[in-house]
Amino acid sequence: AIMDETTRLIQQRVDTLPAGLQARIHRVREIAQELAPHHDVDPREAAVGALAHDVARAMSDSELIYHCTTFGLPIGMVDRQLPVLLHGPVGAKLLRSEDAHLAESLYQAVYWHTTSHLTLDKLGKVIFLADKLDPMKIKRYPYQPRLRELAETDLDQAILEFLTREMISLASNGHMVHPVMIETRNHLLSS
């Protein structure tokens, strides 16, 4: 089966990552599998999406910029300041370059798991939220319990809640806000 081959290729990449990052990926996978049934998402697909989401997370800033240039990925003003934001796009492109059968839904989920995006399907939304709900991120996102509650009932409301709080936090601490986050939030408010 195509999915099994995809899973094998992703697992091979995950096996090369630092232990701490592998542990984080496995925590996110567990959360994604728990959220999936609430939204008619196949828990196996959610597991693979979560396994894939951080494959490029261990790369240095210069490696991420290099891969973006090679793949012809756009690098925005905020990305230049914070190249770690590019690990989703780079990870998605790397997986697609190795696996011609990579499902579009999975590609998008990995690509946009940091900022979210207005075109994400339910799988993408589950992966995005599972990533934010990693219990080790509770200090950064103290509102996780509320987010978890929303994530089980309404993916869009949960993403809106996250983006609103995160944008306030970034702005009030003097940081840039990624334009895709702003666009996604505006889209969720208008729909």
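Colleague: Arg24 to begin with. Is Arg24 buried, partly exposed or exposed?

Modeller: Keep in mind that this is a predicted model. Arg24 has a relative accessible area of 22%. Buried means under 20%, so Arg24 counts as partly exposed.

Colleague: What does Arg24 form a salt bridge with?

Modeller: With Asp54. The closest N and O atoms are 3.5 Å apart.

Colleague: Let's move to H3. How many of its residues are buried?

Modeller: Seven of the 10, over residues 43-52. That is why H3 is largely enclosed by the rest of the structure.

Colleague: Which ones are they?

Modeller: Ala46, Ala47, Val48, Gly49, Ala50, Leu51 and Ala52.

Colleague: What covers them?

Modeller: Several helices take part. The cover includes H1 (2-15), H2 (19-35), H6 (87-98), H7 (104-111) and H8 (122-132).

Colleague: What about the start of H3? Which backbone nitrogen does Asp42 reach there?

Modeller: That of Arg44. A side-chain oxygen of Asp42 comes within 2.8 Å of it.

Colleague: Back to charges. How many salt bridges does the structure hold?

Modeller: It has 13. One of them joins the side chains of Arg13 and Glu98, at 3.0 Å from N to O.

Colleague: Which helices does that pair tie together?

Modeller: Arg13 lies in H1 and Glu98 in H6.

Colleague: Now H9. What does Arg146 pair with?

Modeller: Glu149, in a salt bridge with the closest N and O atoms 3.3 Å apart. Both residues are in H9, residues 144-153. They are three residues apart, so about one helical turn separates them. Arg146 is partly exposed, at 38% relative accessibility.

Colleague: Last one. Which residues do salt bridges with shared partners join into one network?

Modeller: Glu34, Arg148 and Glu152.

Key: Residues are numbered from 1 along each chain as its sequence is written. This is a predicted model: local features need pLDDT of at least 70, side-chain atom pairs count only at pLDDT 80 or more; totals for chains, interfaces and linings use all residues. Side-chain values use heavy atoms; hydrogens and water are left out. Buried means under 20% relative accessible area, exposed over 50%, partly exposed in between (1.4 Å probe, protein chains only). Helices (H or I, at least four residues) and strands (E, at least two) are DSSP runs, numbered from the N terminus. Contact means heavy atoms within 4.5 Å. A polar contact is a pair of N or O atoms within 3.5 Å; within protein, one must be able to donate a hydrogen and the other to accept it, and residues adjacent in sequence count only if both atoms are side-chain atoms. A salt bridge is a side-chain nitrogen of Lys or Arg within 4 Å of a carboxyl oxygen of Asp or Glu.
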